[in-house]
Amino acid sequence: MINQHINYKEIDNIVVLHAENYINKMEGENLEKVCDAFLAKRTYKFVIDFSGTDIINSIGISILIGIIEKIKEKKGLVLFSGLKKVNHDIFDMVGLSKHIPLLKTEEEAVNRMKSGQ
Amino acid sequence: MMEKDPTVERFLFNLNTLGELGEEICSPKDFNSVIKSALYMVMGSFFASKGIIFKYDPLQKIFFPVVSKGIDNMAGITLRLSDEAIGAFVGYNKPLDLKGSSPMLSYFSPVRTEFAKFGARIVVFLIVGNELIGALSINDKFSGEGYTDYDFQLLSIMSQHLSYSLHNHSLLVKLMHKYTENKELYENLRQAYYNTIHSFAAAIDAKDSYTKDHSHRVSAYCSALAREMGWAEEDIEGIRVAGLLHDIGKLAVDKTIINKSSPLTKFELGELYSHPVVGYEILSKIKFPWESIPMMTRNHHEKVDGNGYPDKLKKSEIPIGARMMSLVDAFDAMTTNRPYRSRRSFAEAINELKNHCNEQFDTDIAHTFITAVRKEVLELNSPSIILHLHELLDITAIDKLLEHFPKT
């Protein structure tokens, strides 16, 4: 069953997840569970939108890295969108921005995923 | 090559993580949750995707995983290092770069292959004082950057937090183990204690073939009465033990006197009447958890009008436990067969108690005793009194017995 604590929608075969305000252990694990559930259903394209996220702590970073690894293992695709500056800086620092395209909006991310770029 | 200083963003991010790590480790959450969060924080701080925390068992001299992330099938894996290697790492007490050139790596060679399977890049041994507590390993940074001196310093600080958390958990586990051991010992001692008291009660009752199990019944009646009177469990246990031992002084009375069916001579009566005092002298030398036991024994033949023995105490001068014991002792004597007469019915015995209220017995206690019997008849839930009466009791008859009760 898909975790009810995370807002998500499916557009074609793309899952768009809306991350919560604070990505800590609980929220991070909720995100991970939803991704696991979709991966188990053979859905491999994800957009994670952080426009509602103000803070991501080290646990959240660790979980996000884990999610990326799992999606990559399945040869899937993941894009991030809507990052506020503070979180963009953290993703740059961690090196996530080198591996995962960071798009300004969810729509841009979905369109890019659809176009297969 | 000069290393770059950490950016302000990185520094603040790490500072925040250290604060969260300290808070997590001091939180009252369960150990598994704390240690998992701690590993995630370490991994998040170094952008690692794989990490493990091992605990060291000094008895078996093995490391076993307590939490991992990004690594499958860790269950059942144990790692072993030589005493020499352990000693060397305890002295070294710094993160070890498995891709580095430290001479310490030679001590690590027996487990290097295993750690390679986990993708380990950095290993840090968790130490408190000179005691090895466990180990932590993380893989390469997700960013692809190398580990810097700043990273090593940060990892050392985080490892210290982890070491204390693991150490505290080990102490707690040891304490729990000792507690369980002591609890079992206490239970065994308690059982031995009760077995001894029951043996005494059996020895007391064996002096008189007609009073077999008398002490056990008095004990059961006393505890039921005490419960009805609202006593605390601890005190109920005390009067239960007192009931078992109340006639212990009879051990010193000649068996022929106890079993004599014809009237006793003055000397014989004196002997028999000495048993509460003898019992008191025996029991007052024993350190019971319940201090009132010796006096309950001494005064269980006192009467509320002051005509009892040995101290001729009146009413509330008689300890409450002794007043209770006096009543149930007489009740049991009346409801069991004796050499000189057959047992009386419950109603006959209660009427006899009522007739002697304010003379021999405490009225309130007599009333409470009948109420306790009434409850047992109504509820039939683990009965302690009616179980021994061998007659069917009628609730209407009991209610009638409770009517017109003498005033205190």
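Analyst: Across the interface of chain B and chain A, 2 salt bridges are found, a salt bridge being a side-chain nitrogen of Lys or Arg within 4 Å of a carboxyl oxygen of Asp or Glu. B:Lys36 forms a salt bridge with A:Glu29, and their closest N and O atoms are 3.1 Å apart. On the side of chain B that touches chain A, α1 (8-25) and α2 (31-46) of chain B each supply at least two residues. Of these, α2(B) gives the largest share, 8 residues. Helices (H or I, at least four residues) and strands (E, at least two) are DSSP runs, numbered from the N terminus. By type, that side of chain B divides into 7 nonpolar, 7 polar and 6 charged residues. Here Ala, Val, Leu, Ile, Met, Phe, Trp, Tyr, Cys and Pro count as nonpolar, Asp, Glu, Lys and Arg as charged, and the others, Gly among them, as polar.

The model is predicted: local features need pLDDT of at least 70 and side-chain atom pairs count only at pLDDT 80 or more, while totals for chains, interfaces and linings use all residues. Residues are numbered from 1 along each chain as its sequence is written, chains are lettered from A and ligands numbered from 1 in the order in which they are written, and side-chain values use heavy atoms, with hydrogens and water left out.

In terms of contact (heavy atoms within 4.5 Å), 20 residues of chain B touch 23 residues of chain A. The area buried between the two chains is about 1,800 Å², and carbon and sulfur atoms give 63% of this area. Buried area is the accessible area (1.4 Å probe) that two parts lose on being put together, summed over both. In chain B, the residues that lose the most area to chain A are B:Phe13, B:Tyr40 and B:Phe142, together 36% of what that side buries.

From the N terminus on, its elements run β-β-β-α-β-β-α-β-α-α-β-α. The radius of gyration of chain A, taken over C-alpha atoms, is 13 Å, close to the 13 Å that the globule rule gives for 117 residues, so chain A is as compact as a globular protein of that length. That rule is 2.2 Å times the number of residues to the power 0.38.
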